[in-house]
Amino acid sequence: MRTGWIALAAAAGIALSGPATSAPAASAWRLFSADDVKSAPAAERGAVVFKNSCEICHGTGNDRAGTISLGFKYGAAKPALLEQRRDLTPAVVKFYVRHGVGMMPFFRKTELSDPDLDALADYLGHRKAR
Ligand code: HEC
């Protein structure tokens with residue numbers, strides 16, 4: 001308990017002494033608004049959508065459900081990070097996003113529009129060529 005309070009006090013100290021800024025933390029979810037996504041240059045749109053909708057589970061870190069699950073699923077055979085995969089095609093990405101898999105939820109068109117999914121599928125699904 002005592003260590004808990006010390007840790008809390010330390011965390012508060014760090015928070016208070018940090019620079020006064022309204023920018024979201026680097027790991028914050030939904031870094032971009034729907035308007036930001038729409039107005040992003042075509043080449044960046046997929047990456048922006050990924051950050052908004054997928055990174056919370058498929059980002060780097062040992063607290064990301066998707067990254068952890070895919071690490072267990074494929075072991076050393078494939079990278080656990082989707083952004084490092086070279087075997088995904090746009091069609092595969094779209095299938096998983098619209099249907100979900102295991103504990104991954106499916107995304108309705110009202111949550112992730114078709115144009116956003118196209119950009120995302122292009123971003124994740126054509127990495128072989130990059
Ligand atoms: C709530 C957490 C969560 C979110 C949000 C999420 N995923 Fe997943 N995703 C998972 C988990 C967990 C798995 C592994 C499921 C399994 O096979 O057991 C997975 C699996 C996948 C797979 C299958 C990969 C493979 O080869 O088996 C793809 C593709 C995928 N996710 C893409 C996405 C994309 C694109 C997004 C964003 C639109 C997204 N996911 C958002 C949790 C999530």
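Visitor: Which helix gives the largest share of the shell around the ligand?
Guide: A word first: this is a predicted model. Helices H4 (55-58), H5 (65-74), H6 (90-99) and H7 (114-125) each give two or more residues to the shell around the ligand. The largest share, 5 residues, comes from H5.

Visitor: How many residues surround the ligand, and which are the closest?
Guide: By class, the shell has 18 nonpolar, 5 polar and 1 charged residues. Altogether, 24 residues surround the ligand, and the closest are Cys54, Cys57, Gly66, Gly102 and Met104.

Visitor: What is the chain built from, helices or strands?
Guide: Follow the chain from the N terminus, and its elements run α-α-α-α-α-α-α. That gives 0 strands and 7 helices.

Visitor: What share of the chain counts as buried?
Guide: Contacts give some background here: among those with a separation of 6 or more, residues 24 or more positions apart account for 51%. As for burial, the chain has 130 residues, and the share that counts as buried is 18%.

Visitor: What distance separates the end C-alpha atoms of helix H3?
Guide: Helix H3 covers residues 42-53, which makes 12 residues. At 1.5 Å a residue, the helix should span 16 Å. The model agrees with that, as the end C-alpha atoms are apart by 17 Å.

Visitor: Where do the buried residues of H3 lie around its axis, and what do they pack against?
Guide: The buried residues in H3 are Arg45, Gly46, Val48, Val49, Asn52 and Ser53. They cover an arc of only 165° around the axis, so they lie on the same side of H3. An α-helix has 3.6 residues a turn, so residues three or four places apart point the same way. The buried residues of H3 pack against helix H2 (34-39) and H7.

Visitor: Is tyrosine 123 buried or exposed?
Guide: Tyrosine 123 lies in helix H7, and it touches Gly46, Ala47 and Phe50, leaving aside residues up to four places away in sequence. A residue needs 20 or more other C-beta atoms within 10 Å to count as buried. Tyrosine 123 has 23 of them, so it is buried.

Visitor: How far apart in space are tyrosine 123 and glutamate 83?
Guide: In sequence, the two are 40 residues apart. In space, C-alpha to C-alpha, tyrosine 123 and glutamate 83 are apart by 8.5 Å.

Technical notes:
Residues numbered from 1 in each chain as written. Predicted model: local features only at pLDDT ≥ 70, side-chain atom pairs only at ≥ 80, totals over all residues. Near = placed C-beta within 6 Å. Helix = DSSP H or I, 4+ residues; strand = E, 2+ residues; numbered from the N terminus. Nonpolar A, V, L, I, M, F, W, Y, C, P; charged D, E, K, R; others polar. Buried ≥ 20, exposed ≤ 12 C-beta atoms within 10 Å, placed from the backbone. Contact = placed C-beta atoms within 7 Å. Expected span 1.5 Å × (residues − 1). Arc of directions from axis to C-beta.
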